[in-house]
Amino acid sequence: MRRSVAQRHRLNRAMNYAISNVSEAIDLDSLADVACLSKYHFSRVFRSYSGETPLHFLWRIRLERAARTLVFVRDKAITDIALGCGFSSSQVLAHSFQHRFQVSPREFRSANQWSYCGFPFDHRVNTPLQRPSDLTHKTGGTHSPVRVEYRPSYRVAYVRH
């Protein structure tokens, strides 16, 4: 039992590293090094834990970051978004985007809808820039401003899904 907990901790560390450094050149060797496992064992354990290969996971989080940026940072060029999300060029982003969402990045940006192409995550979570309509929430038909509170730091637990 302790072994699986330790492996899950190592895999979460590798996933967090990939998400935090998505714009950098990350390969299987570097993810396995972060997890302190051989790349072959890491690949097997990662797939059984997450249901996808490490490189597919990296590809998916890069596409999700690119999609969020396309919608919420409208003045940034698609080439800059591609490079900032870890793609080698805008053509690689366009090909991957077309494969995943069946539309080009430009079409996705112009649609400005998260339900477009069955996009799988909530637009209010982990966005680089909030839209003005997201800065208020409805309470009984009226809008009230969002309140920012500063809290002391503390440890939290999470479950990756």
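User: Why does Glu 149 count as partly exposed?

Analyst: Buried means under 20% relative accessible area, exposed means over 50%, and partly exposed lies in between (1.4 Å probe, protein chains only). Glu 149 has 39% relative accessibility, so it falls in the middle class. This is a predicted model, in which local features need pLDDT of at least 70 and side-chain atom pairs count only at pLDDT 80 or more, while totals for chains, interfaces and linings use all residues. Residues are numbered from 1 along each chain as its sequence is written, and side-chain values use heavy atoms, with hydrogens and water left out.

User: What makes Arg 151 exposed?

Analyst: Its relative accessibility is 61%, and the exposed class begins over 50%.

User: How do you know that Arg 151 and Glu 149 form a salt bridge?

Analyst: A salt bridge is a side-chain nitrogen of Lys or Arg within 4 Å of a carboxyl oxygen of Asp or Glu. In Arg 151 and Glu 149 the N to O distance is 2.6 Å, so the pair qualifies. Elsewhere, salt bridges that share partners join Glu 52, Arg 60 and Glu 64 into one network.

User: Why is Phe 46 called buried?

Analyst: Phe 46 has 1% relative accessibility, and anything under 20% is buried. The residue belongs to helix α3. Contact means heavy atoms within 4.5 Å. Leaving out residues up to four places away in sequence, Phe 46 touches Leu 11, Met 15, Gly 51, Glu 52, Thr 53, Pro 54 and Phe 57. Of these, Met 15 is 31 residues from Phe 46 along the chain, with 9.5 Å between their C-alpha atoms.

User: How many residues of the protein are buried, as a share of the 161?

Analyst: Buried residues make up 34% of the 161. The protein has seven helices and two strands, in the order α-α-α-α-α-α-α-β-β.

User: Which helix gives the most to the lining of the second largest pocket?

Analyst: Helix α1 (residues 2-20), with six residues. On a 1 Å grid over the protein atoms alone, a cavity is a set of points where a 1.4 Å probe fits but cannot get out, whereas a pocket is an open set with protein on both sides within 12 Å along at least five of seven lines; lining residues have an atom within 4 Å of a point. Eleven residues line it, and the closest to its centre are Val 5, Arg 8, His 9, Asn 12 and Tyr 158.

Terms used:
Helix = DSSP H or I, 4+ residues; strand = E, 2+ residues; numbered from the N terminus.
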